[in-house]
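Hi,

Here is the structure I promised to pass on. My notes on it follow below.

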Amino acid sequence: MDFYGFYTGKIFDAHQYLGAHLAKDGTTFCTFAPGAERIALIGEFNGWQETGMERVHDGHFWKCHVSDAAAGMMYKYRIYTKDGRCTDHCDPYGFGMELRPASASFIRDMEHYQFQDKKWMQSRSDCKNKPLNIYELHMGSFRKPSEQADDWHTYEEMADILIPYVKENGYNYLEIMPLNEYPCDESWGYQSTGFFSPTSRYGTADGLKAFIDACHQNQIGVIMDFVPVHFALDDYALASYDGTALYEYPHNAVGVSEWGSCNFMHSRGEVRSFLQSAANYWLTEYHMDGLRMDAISRAIYWQGDPGRGVNMNAVEFLKYMNQGLKMLHPQAILAAEDSTSYPGVTKDVSAGGLGFDYKWDMGWMNDTLDYFRSDTQQRSSDYHKLTFSMMYYYDDQFLLPLSHDEVVHGKATILQKMNGDYPDKFPQARAFYMYMYAHPGKKLNFMGNEIGHFREWDEKREQDWNLLDYPMHQDFHRFMTDLNHLYLEHPALYEQDFDTEGFHWLDCHQEDKCIYALERLCQKERLIAVFNFSNREYPSYELSVPDAEQLELLLSSSWTCYGGDEEKTRTTAVVKKDTCVLALKPFSAVYYLADSK
């Protein structure tokens, strides 16, 4: 290992030296604990009795070799601190961990599994000019073997369950909530104890690799949530690891997050090297196609509060990490969950940006959902909540998220958020989603949204698949499937997502009627989308469509097959003198292909 690089926060491969590494004659263990008084290794191979570890290098690292330590065996570091305390810790660089509440690390043979996804790895991309339709899920509550909260399918079983569903429903990427090890189910993985350990809830490292391999062989990319800002408080993990604040801040004012977890101290090079190595590890060892980085606003600003100023050490860490990851994995996707207006989140580091590929458009999400919560009268007043997103859209490269955060903690599900009674919510949800897919930016939908889930998400229960026994939910699911496939098949909806020539408003001044019209363009086609978000019918709406001869209907949210009242037809609308007349149903949306002159 480059020790100078480790201390200065420049390396991405610390896990190749630290942790437990198999050799022909046993296993070598190494941990970084400069503040420790003494460290002993305990595990299955020595009857959980102490095997002393020696200080090596500059005295800040501890190392030993055990000839009887084999793959699959458990171990811990017993760390004696200078104040006389003793704590058994899991390995910060361990490649596997026990299921909570147990906390031992596992020795893993990371070279055992052989991937068969060479073709995918050579051809994958960051999808800047390709469709990116992400299905976000929590691995343990998509489907469950039983009603028991802690009964989960394995990684391999989930491959058989998820892959056909994702392909049938028209998604081409998965985003999985954190798969690192974590102690509290309710944290969903966002408070980690094992940054290099795939959670044992669903099996082993080889099982996760097999899952990703199978996805790739079915042309499905896999993105994982990664948390570089904070970590769990549990004393067997990173907190006070060597008796000192080694990974965290020593003061609570900036050291404790709003979730009660410990904030990483990004000014320390050792912490940067730890996090950079963890990010590289998931992309390299598991062939992850990208990382969605959580709570980036809390790294940019102290405690996420712009009023407290920019945390320049954390910002510089993000820049260096992203730049290094893109050099190592040019086609991997790096996405930031960031709700701030901090400039240049998706600009190249060389141009002064943070180097992410995508930024979650939280403003679009909040404004759009607020709009659809309101009734028609209020929508006229709030008309430009739906046009505002394009005022700032080209400042960054955005992804439109309807994530797990929008369907928990009393916020109501996406379908519930639609204004009105139960039957009125479905046509509005259909029109809402057609607006989302016509809007520039990549797409993300949380599991259950596609079937009109009506119960808030609970990590202990699987999705309410019995909803598909009801016609309105069947029709809505059919609509979402067709919309997803249409998105994948029409390059006008994605090819020029970040080019100003790829989008134009055709009509965004119908405040009284709540009508909007836009066009999406690419070299091959021109797609027109028209929306009526009011509860009134407009039988003769005049739309100006310059340089078009006719419009061919591609999709209507009002078709009977989706629960509407119009028979499915592929009609055409004639354009005369750059104007066509359309009939718009209440709470409806239509997509047309324009036959240009």
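In this model, β5 and strand β6 (residues 61–66) pair in the antiparallel sense over three bridges, with V56 opposite F61 in β6. Strands are DSSP runs of E of at least two residues and helices are runs of H or I of at least four, numbered from the N terminus; two strands pair if DSSP finds at least two bridges between them.

This is a predicted model: local features need pLDDT of at least 70, side-chain atom pairs count only at pLDDT 80 or more, and totals for chains, interfaces and linings use all residues. Residues are numbered from 1 along each chain as its sequence is written, and side-chain values use heavy atoms, leaving out hydrogens and water.

Both strands belong to an open, antiparallel sheet of four strands, ordered β1-β2-β6-β5. Its edge strands, β1 and β5 (54–56), each pair on one side only.

Now the pockets (on a 1 Å grid over the protein atoms alone, open sets of points where a 1.4 Å probe fits, with protein on both sides within 12 Å along at least five of seven lines; lining residues have an atom within 4 Å of a point). Of its 23 lining residues, W259, D294, E337, H404 and D405 lie nearest the centre. α7 (297–300) and α9 (362–373) each supply at least two lining residues.

The second largest pocket has about 330 Å³ and 18 lining residues, with F95, D109, M110, E111 and E285 nearest its centre. Here β1 (19–23) and α6 (269–285) each give at least two.

Best wishes

Technical notes
Grid points are joined across faces, edges and corners, and a volume is the space filled by probe spheres set on the points.
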